[in-house]
Amino acid sequence: MGDVTVIVRTDLLLYSLLLDLILVIYLRRHSYKVNESAKMVSQVLVAIAVVTVFETVSWLTGEVGNKALIPVHYWSNFLFLAFLGVPEALGIRYLDFRIFGDKKKSKKRLLIYLIPTYINVGFAVYNLFDDGFLFYIDSVENINQYFRGIGVTISSIIIYALLIIVLIVFYRHRRLITGRIAQSILIFFFLPVLGSILQILAYGTTFGMAFYTLALFIIFLILEKDEMGKDELTGLYTRAKLTARLKFKLKAQEAFAVIMTDLNEFKSINDTYGHSEGDKVLKRVAEILISSVNIEDMVCRYGGDEFLILIEYPEDIGERIIGRIEKALGKYNQSVNYTVKLSYGYEYVSEPSKENIEELLHRVDRDMYKKRDMQLQSPE
């Protein structure tokens with residue numbers, strides 16, 4: 001009967017571990033090399049999988065009365081409790097990157113997000129000298145029986161405190177947090193906390209890591225699934241992906257802006273320097289466009305040397321974005337033997353209910369070509 005109970009308790013963990021591994025493989029095969037956020041999600045999933053393995057082993061070796069399993073039972077619990085905070089820290093770092101778009105700063109702040117893990121590791125080491133502070137395995141009366149110590153409660157309070165502090169910090173930068181990221185933050189903070197509370201209140205349940213996996217799976221569907229369909233050369237979204245997002249914006253009645261741009265006289269670069277150099281120009285322009293917009297905005301390769309940008313910010317900041325692009329483009333032109341110029345079509349949509357996607361894109365396209373003709377006709 002005891003074996004059956006253990007199997008039932010580990011079922012959820014094993015399903016969680018399997019889903020973690022499937023998502024990791026999927027991310028690494030489809031967008032791992034070109035997508036920084038996919039790398040971060042993959043790291044969170046790997047951390048969840050590793051901690052889940054520790055917890056699964058602790059349950060499988062927790063057979064009451066089997067004294068031979070005590071060392072494995074002890075050390076699997078040791079590792080589980082010591083590194084329980086790692087998935088949380090990596091998950092917060094991922095959300096930090098999605099909000100602020102700064103890889104280096106999010107990596108530095110990861111050291112702060114890992115504070116509960118430093119404390120947990122310290123508690124686990126201290127438990128070696130004060131058995132029972134964090135946990136203990138009863139090898140006398142109830143051979144191989146696990147019991148929690150006060151350290152588990154303290155550790156949980158520290159983790160919850162960090163989550164509250166991070167939420168407050170994120171809230172102070174709420175102007176940078178748009179709909180999908182806001183949803184992801186709520187899911188990531190709510191589901192794992194709910195799972196851990198249930199696991200603390202109802203000993204013998206295994207909701208904690210399973211709820212982490214569920215949270216990451218939902219976030220994957222909200223934020224990362226769209227990253228899969230990207231242009232092979234530039235790593236930008238495809239036209240179909242951006243069109244689908246535009247349809248959503250119109251239905252959601254959320255203000256946005258659209259910028260269409262293309263390379264002036266791109267054919268002459270291909271003819272003079274070769275198509276390989278032309279490909280390099282397209283890649284560099286794509287990088288400039290991405291670096292000039294916010295993390296939540298979408299940049300797609302619309303076709304050939306044309307690009308389309310969807311600015312998710314509700315206020316009219318299109319001209320500011322174009323200014324950023326031109327500044328970055330000017331720096332790039334100083335490093336090559338030719339001059340790359342862009343033409344822009346732009347429109348801010350304050351009343352989405354009155355818009356039609358085809359008509360909107362036609363107007364922006366017409367605006368771009370009109371400005372390009374004016375650029376080509378004007379003397380240098």
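**Briefing: chain overview and two residues**

The chain's secondary structure comes to 14 helices and 6 strands (DSSP runs numbered from the N terminus, helices being H or I of at least four residues and strands E of at least two). This is a predicted model, in which local features need pLDDT of at least 70 and side-chain atom pairs count only at pLDDT 80 or more, while totals for chains, interfaces and linings use all residues. Residues are numbered from 1 along each chain as its sequence is written, and side-chain values use heavy atoms, with hydrogens and water left out.

**Whole chain**
- The C-alpha trace spans about 95 × 45 × 35 Å along its principal axes.
- Of the chain's 380 residues, 48% count as buried (under 20% relative accessible area; exposed is over 50%, partly exposed in between; 1.4 Å probe, protein chains only).
- Taking contacts (heavy atoms within 4.5 Å) between residues at least 6 apart in sequence, 70% join residues at least 24 apart.

**L79**
- L79 is found in helix α3, which covers residues 70-82.
- L79 counts as partly exposed because its relative accessibility is 28%.
- V53 is 26 residues from L79 in sequence, and the C-alpha to C-alpha distance is 9.9 Å.

**N333**
- N333 is found in helix α13, residues 318-333.
- N333 has 18% relative accessibility and therefore counts as buried.
- The side chain of N333 reaches the backbone nitrogen of V340 at 2.8 Å.
- Neighbours within four places in sequence aside, N333 is in contact with Y338, T339 and V340.

Notes. A polar contact is a pair of N or O atoms within 3.5 Å; within protein, one must be able to donate a hydrogen and the other to accept it, and residues adjacent in sequence count only if both atoms are side-chain atoms.
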